[in-house]
Amino acid sequence: MWRPWSKSPSSSFSCSSFKDIQTLFLDEPTATTNKPKPSIFHRVTLANSLLRAWSTHHKLTHSLSPPTAGDPRAAQPHPPASVPDSEQRVVVYFTSLRVVRTTFEDCKTVRSILRGFRVALDERDVSMDSGFLTELRKVTGRKTGLTLPRVFINGRYVGGAEEVRWLHENGELRKLLEGLPAADSHFRACHVCDDHRFILCGECSGARKVYAEKGGFKTCTACNESGLIRCISCTC
């Protein structure tokens, strides 16, 4: 005789339908992590930080507009401090040497652009006077890795060749130069130094030595290491 069928007391499994069984074999859905999109507050904070980097206690004749897409100023580090004797004029640190072709061409292009506006332009050739290079290093706080040219408008750093070209093409450079005094000496080539911005020292005639009755020959203190002085006819 077969024993009567009875439910096992240890079995606690129950299923209401075959559909529930199929769900047991399905893979668990993977949790998707959505990257949070930058909020409008984050974008405003970033824009304000860029504006603060360009703010200065020296006012420009025209305030710089906020960097936009494609503006090389947005990638610049904190700009250097103001240079001496640069108020109400444009100061350009450049080199007239042709050792590095790209650097020479950049310097030539920037000087040509700035001369076209016919404003007071102070061109400081670091290859003619090492004092300008020392001055630039002190202003930027860097002893190596300096690139030329470097442009300052009304005492405030603007940028190099890329920044000046961008400002010129977008009409911002003209706004920055508004109000600066004009310079007739830059309308034509200087008849004294032929646009070299330096002439021979009148004290030592470029020899770097002067004779004194007491002590004999001494080093001339009126000129630089090359026996040159700045041309007073065409410099600001």
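A disulfide is defined here as a pair of cysteine sulfur atoms within 2.5 Å. The structure is a predicted model, in which local features need pLDDT of at least 70 and side-chain atom pairs count only at pLDDT 80 or more, while totals for chains, interfaces and linings use all residues. Residues are numbered from 1 along each chain as its sequence is written, and side-chain values use heavy atoms, with hydrogens and water left out.

By the disulfide criterion, the structure holds zero disulfides. Cysteine 190 is in no disulfide, and the nearest cysteine sulfur, that of cysteine 193, is 3.7 Å away. The sulfur of cysteine 204 is 3.6 Å from the closest cysteine sulfur, in cysteine 223, which is too far for a bond. Burial was assigned from relative accessible area (buried under 20%, exposed over 50%, partly exposed in between; 1.4 Å probe, protein chains only). Cysteine 190 counts as buried at 8% relative accessibility, and cysteine 204 is buried with a relative accessible area of 6%.

Aromatic pairs were taken as rings of Phe, Tyr and Trp (its six-membered ring) with centres within 6.5 Å; planes under 30 degrees apart count as stacked, over 60 as edge-to-face and the rest as tilted. A search of the whole structure finds four such pairs. In one of them, the ring centres of tyrosine 93 and phenylalanine 152 are 5.9 Å apart and the planes stand at 80°, so the pair is edge-to-face. Because tyrosine 93 lies in strand 1 (residues 90-94) and phenylalanine 152 in strand 3 (residues 150-153), the pair ties together parts that are 59 residues apart in sequence. Helices (H or I, at least four residues) and strands (E, at least two) are DSSP runs, numbered from the N terminus.

Arginine 111 is located in helix 3 and is buried, with a relative accessible area of 16%. This arginine lies over the face of phenylalanine 94, at 4.1 Å from the ring centre; the criterion is NZ of Lys or CZ of Arg within 6 Å of the ring centre and within 35 degrees of the ring normal. The side chains of arginine 111 and glutamate 123 are joined by a polar contact of 3.2 Å. A polar contact is a pair of N or O atoms within 3.5 Å; within protein, one must be able to donate a hydrogen and the other to accept it, and residues adjacent in sequence count only if both atoms are side-chain atoms. With contact meaning heavy atoms within 4.5 Å, and not counting residues up to four places away in sequence, arginine 111 touches Phe94, Glu123 and Asp195.

Valine 126, in the loop between strand 2 and helix 4, is buried with a relative accessible area of 13%. With residues up to four places away in sequence not counted, its contacts are Tyr93, Phe94, Thr95, Phe132, Leu133 and Leu148. The C-alpha atoms of valine 126 and serine 96 are separated by 8.2 Å, the two residues being 30 apart along the chain.

Backbone geometry was also examined in the loops. The peptide bond from leucine 148 to proline 149 is cis, with omega near 0°, and proline 149 is placed in the loop between helix 4 (130-140) and strand 3. Arginine 118, which is not a glycine, has a positive phi of about 55°. Arginine 118 lies between helix 3 (101-115) and strand 2 (121-125), in the loop, and is partly exposed at 46% relative accessible area.
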